[in-house]
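Hi,

Here is the structure I promised to pass on to you. Have a look at it first, and then read on for what turned up.

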Amino acid sequence: MSKTSLQVGQMIVSLPESCLLTTDTVIRSYLGTYVTKWKPPPSPLLALCSFLVSEKHAGDQSPWKPYLETLPKTYTCPVCLEPKVVNLLPRPLRAKAQEQRAHVQEFFTSSRDFFSSLQPLFSEAVESIFTYSAFLWAWCTVNTRAVYLRHRQLGCFSAEPDTCALAPYLDLLNHSPGVQVKAAFNEETRCYEIIAASSCRKHEEVFICYGPHDNHRLLLEYGFVSTRNPHACVYVSRDVLVKYLPSTDKQMNKKIAILKDHGFIENLTFGWDGPSWRLLTALKLLCLEAGEFTCWKKVLLGEIISDTNEKTSLDITRKICCYFIEESNAMLQKVSHMKDKEVALVNQLTLVETLWTEELKILQASAAILSNLQTTFT
């Protein structure tokens, strides 16, 4: 909460470089010798995660204890959710969540030898310190809370970009998609600074914006969903895209190939302002009749081919939207029933419920827009 009103251009936070937790921090610490000697060179992310696990294990002896105590004990990124909860996510997000889990598990497995090399630093067995749950907590801490800070590439690290810095207390500022701020490291003051690019009234909570992310990205990367997020959307996968098209269309494979070649098979969405231009364009091309097929380039350029094509594509779009509305309602009912039975998972299920509720609102808004569009052709 701001004690005073904030004006555009006013400093919100200025954090000295010495307060940032970076790979430089790790190199200067007791872990530095082990990091610089390890071959092949560890990634910057592994160094940061190892430091966090080690410092958390140190407890009261850690100089970073005040900061560590501000961090969440658990996270709600999909990688931390129970598999039965992940299975309730929308299909495009579910696939990414499963990829994320596999990536983190492989990262942990491939890092075990490095963890073993740290045994001289501990009286306990490193296997009891660098557990998967401890590593997952550290990975989520960096993934959800780090700010961007470009470092000079050190030879002791792998070629992966070294761009993460943990900024104590700065990371307590919550996200709001409508807020505008400027956040960057000031080379002159040697501080990481956040400057207001929009005003904030006295006694209001001060927000920052993590970026123009949709809710899938926010949940995957940060573990939360933003209500009334202007960037939120519902993704249309390829199987749903062709769900209501005639199976007798002999040119369908060619049409799909054209969409692929021109980048119109991904990022097809419904948003608060209705179906995206990309989705409508893809469906107009897919709905071309045999005699219109040679006009496919004109479709991609946004030209109207015929009233019939416009009507047919809008009708298919409406059917897809209705399909998603039915799916959303069914999933919300399923989540509601699970909340009654799985008391221990209520928080995770509520998160999924919020996501589906937001998608349903978007689809209902799109359905109303589509209804108005269809009246122009009746």
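Let me begin with the second largest pocket, which has 19 lining residues. Glu17, Asp24, Leu149, His151 and Arg190 are the ones nearest its centre. Please keep in mind as you read that this is a predicted model. The space in this second largest pocket comes to about 330 Å³. Sorted by class, its lining has eight charged, six nonpolar and five polar residues. Helix H1 (23–28) and strand E5 each contribute at least two residues to that lining, and H1 has the largest share, with four.

Now for the largest pocket, which holds about 1100 Å³ of space. Its lining is made up of 37 residues, and the closest to the centre are Asn143, Thr144, Arg145, Ala146 and Tyr222. Several elements give two or more residues to this lining: helices H9 (132–145) and H10 (215–222), together with strands E2 (147–148), E4 (174–175), E5 (181–186), E6 (191–196) and E7 (207–208). H9 gives the most, with five residues.

Next, a pair of helices. How do H15 and H16 cross? The axes of H15 (residues 307–341) and H16 (residues 346–375) come within 9 Å, and the crossing angle is roughly 155°. That angle is over 145 degrees, so H15 is roughly antiparallel to H16. The crossing of the two helices is left-handed. Where H15 contacts H16, the residues divide into 17 nonpolar, eight polar and five charged.

One of interest here is between the side chains of Lys84 and Glu342, at 3.2 Å from N to O. Lys84 sits in helix H5 (residues 83–86) and Glu342 in the loop between H15 and H16, so this pair ties together parts that are 258 residues apart in sequence. That loop brings you back to the two helices described above.

Best wishes

Technical notes
Residues are numbered from 1 along each chain as its sequence is written. This is a predicted model: local features need pLDDT of at least 70, side-chain atom pairs count only at pLDDT 80 or more; totals for chains, interfaces and linings use all residues. Side-chain values use heavy atoms; hydrogens and water are left out. On a 1 Å grid over the protein atoms alone, a cavity is a set of points where a 1.4 Å probe fits but cannot get out, and a pocket is an open set with protein on both sides within 12 Å along at least five of seven lines; lining residues have an atom within 4 Å of a point. Grid points are joined across faces, edges and corners, and a volume is the space filled by probe spheres set on the points. Ala, Val, Leu, Ile, Met, Phe, Trp, Tyr, Cys and Pro count as nonpolar, Asp, Glu, Lys and Arg as charged, and the others, Gly among them, as polar. Axes are lines fitted to C-alpha atoms, for helices over the stretch in contact, and angles run from 0 to 180 degrees between N-to-C directions. Angles under 35 degrees count as roughly parallel, over 145 as roughly antiparallel, 65 to 115 as roughly perpendicular and the rest as oblique. A crossing is left-handed if the near helix is turned anticlockwise from the far one by less than a right angle, and right-handed if clockwise. A salt bridge is a side-chain nitrogen of Lys or Arg within 4 Å of a carboxyl oxygen of Asp or Glu.
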